[in-house]
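Open the model in your viewer and follow the stops below in order. Each stop says what to select and what is there.

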Amino acid sequence: MEDNVWIGAGATIAPGVTVGHDSVVGAGTVVAEDVPPRHVVTGTGLVRRRAL
């Protein structure tokens with residue numbers, strides 16, 4: 001996990017997954033693949049909602 005990452009309550013991040021800097025992981029999200037820097041992700045299928 002990189003700097004300045006926000007993780008919502010109940011989020012699950014699989015081992016070995018990298019969450020890019022300045023990203024937001026929504027509450028209850030299941031993250032099974034890498035999250036690019038400066039993105040907002042939500043849902044169980046890792047829906048990229050927005051690039052910041």
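**Stop one: H39**

Select H39, which is found in strand 5, residues 39-42; strands here are DSSP runs of E with at least two residues, numbered from the N terminus. This is a predicted model, in which local features need pLDDT of at least 70, side-chain atom pairs count only at pLDDT 80 or more, and totals for chains, interfaces and linings use all residues. Residues are numbered from 1 along each chain as its sequence is written, and side-chain values use heavy atoms, with hydrogens and water left out.

Is H39 buried or exposed? H39 is buried, at a relative accessible area of 17% (buried means under 20%, exposed over 50%, partly exposed in between, with a 1.4 Å probe and protein chains only). Now show what H39 touches: leaving aside neighbours within four places in sequence, H39 is in contact (heavy atoms within 4.5 Å) with D22, S23, V24, R48, R50 and A51.

D22 is not a glycine, yet has a positive phi of about 60°. D22 counts as partly exposed because its relative accessibility is 25%.

Next select R38, in the loop between strand 4 (30-31) and strand 5. Phi of R38 is also positive, near 60°, in a residue other than glycine. At 38% relative accessibility, R38 is partly exposed.

**Stop three: the core**

Select V5, V17, V19, V25, V31, V35 and V41, the seven residues of the largest nonpolar core. Such a core is a set of buried Ala, Val, Leu, Ile, Met, Phe, Trp, Tyr and Cys residues joined through side-chain atoms within 4.5 Å. Finish on V17: beyond its neighbours within four places in sequence, V17 is in contact with V31, A32, E33 and D34.

Methods: Helix = DSSP H or I, 4+ residues; strand = E, 2+ residues; numbered from the N terminus.
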